[in-house]
Amino acid sequence: MNAPVRSNKPSVANEPAVPRRAGNVNPQTRFVLERFETESPALATDVRSRIDDIMVPREQLITLQESDPLDKACELLTKHRFSFLPVVDDDDRCVGKLTALRLVGVLRDVAAGRKQVAGTVAPLIEREHTVFHTDAIVRDVLREISKSNEGGFIVQDEAGHLQGVITRINFITESRLRVVMVDHNEASQAVDGIEEADVVEIIDHHRLGGRSTTLPITFINRVIGSTASIIADLYRTAGKAPAARDAGLLLSALLSDTLVLRSPTTTPVDRDLANWLAGLAKVQIDTHGAEMFEAGASLEGMDARKLISQDQKIYTEGGRRFSLSQVETVGFGPLLGLKQELQAELDRINDAEKCAFACLMITDITRATSLLLIRGETRVQDAIAYPRREDGIFELKDVLSRKKQLLPYFADLLKQL
């Protein structure tokens, strides 16, 4: 997923974009990032607009200190036609604000020629007032200020340092983050707040999730083995070649999605682009693919929750909500050694996500077969036609693809129940 357009890093179409990841970095991905000397993109947990997206920042503010004379406050408020000024201490912590309305009450003293210090006129500085923090969500703040008659509000950090100010006019500014959804299109699989973001483009190879947009957008969805293939093809169609590092990253994603071109989702276009990318990255496909999956099979530092959540999707079919995760490995032994922990985690997911059932598809790429661990509704388990190895574990011979094989199977099965 790409985050709001806020950097000068150009894309293939010369549009600036900031990459963000929507989940944890698994061992296979970590291996690839290290192999091609690339830092992991920052994690995006939600894309809702926050106050620091629209506030007037600290560097643009004029402030007062408590020791400033009152005539300075009058001059600033009059000259700039401010409705208020933040009052800070020597450490730039906000101690209150001085409003034009409060100032009217002391104009008589000013006219009488008595030079006063702002901090000594107790009623003038509002020390009790509404403040917001920089990470406050715009929608929530707007709801809060609608209850108030104040003209402006202080924004500060957790330590009380002044960060900016927000006025009602700031909310007129377009604050929705511009987002490109990559390798997914369903809101249920996106980060929180996607419904409040401005989705300007989708690049994907999965089924359509039925989302709608208020304006036309670029939507590229192809029957192909990997979204990385789509992106690589965009480069090639534009007459451009990605740098060796980027070619290596795209190739790695392509090989991961297609199980080193063995998955039934693999197309001739995937194979063609894999060869093109391998040449640019100066790597050998089979060797690099084997190294990737060997690294991904490592259970070092992994527990049941991490294993299941690293590639987990929630679906709804036939009126039933269910979780379907996949792990690629070399041999079933190590993961089956965690069988009880994995089953307990699937039970937890059913409760937490209100699912009818939860599954983990363990795919052995060397044997081109998978095992399915499932917990939940007994009626669903009893309807599965694949051989049952033991309670809650089924053998899926020749099943490698969650998207093209297992998900359609469950969709048909659930419609019949």
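Angles under 35 degrees between axes count as roughly parallel, those over 145 as roughly antiparallel, those from 65 to 115 as roughly perpendicular, and the rest as oblique. The axes are lines fitted to C-alpha atoms, for helices over the stretch in contact, and the angles run from 0 to 180 degrees between N-to-C directions.

The model is predicted, so local features need pLDDT of at least 70 and side-chain atom pairs count only at pLDDT 80 or more, while totals for chains, interfaces and linings use all residues. Residues are numbered from 1 along each chain as its sequence is written, and side-chain values use heavy atoms, with hydrogens and water left out.

**Stop one: two helices**

Select helix α7 (residues 244–257) and helix α9 (residues 285–296), which pack at an angle of about 70° with their axes 10 Å apart; α7 and α9 are therefore roughly perpendicular to each other. Helices here are DSSP runs of H or I with at least four residues, strands are runs of E with at least two, and both are numbered from the N terminus. Contact means heavy atoms within 4.5 Å, and this one is made by S252, L255 and S256 of α7 together with I285, H288, G289, M292 and F293 of α9. The residues of the contact of α7 with α9 divide into four nonpolar, four polar and no charged, where Ala, Val, Leu, Ile, Met, Phe, Trp, Tyr, Cys and Pro count as nonpolar, Asp, Glu, Lys and Arg as charged, and the others, Gly among them, as polar.

Next, select Q28 in helix α1 (residues 27–35), a residue that touches S256, M292, F293 and G296 when residues up to four places away in sequence are not counted. Q28 is buried, with a relative accessible area of 9%; buried means under 20% relative accessible area, exposed over 50%, and partly exposed in between, using a 1.4 Å probe and protein chains only.

**Stop two: the nonpolar cores**

A nonpolar core is a set of buried Ala, Val, Leu, Ile, Met, Phe, Trp, Tyr and Cys residues joined through side-chain atoms within 4.5 Å. The largest has 24 residues, and those with the most contacts inside it are L251, L254, L255, L277 and I285. Helices α6 (227–237), α7, α8 (268–281) and α9 each supply at least two residues of this core. Centre the view on L254, which, leaving aside its neighbours within four places in sequence, is in contact with residues including L261, L273, A274 and L277. A second, separate core of 18 residues includes L324, F394, L406 and L414.

**Stop three: aromatic rings**

Rings of Phe, Tyr and Trp (its six-membered ring) pair if their centres lie within 6.5 Å, and planes under 30 degrees apart count as stacked, over 60 as edge-to-face and the rest as tilted. The structure holds seven aromatic pairs. Select F322 and F357, a stacked pair at 4.8 Å centre to centre with 10° between the planes; F322 is in strand β15 (residues 320–329) and F357 in strand β16 (residues 357–364), 35 residues apart. F410 lies in helix α14 (residues 402–416), so its pair with F322 ties together parts that are 88 residues apart in sequence. F322 is buried at 0% relative accessible area, and F410 also counts as buried at 0%. To show the cluster, select Y315, F322, F357, Y386, Y409 and F410.

**Last stop: S401**

Finish at S401, in the loop between β19 (393–397) and α14, which counts as buried at 6% relative accessibility. Leaving aside neighbours within four places in sequence, S401 is in contact with S263, P264, T265, M361 and L406.
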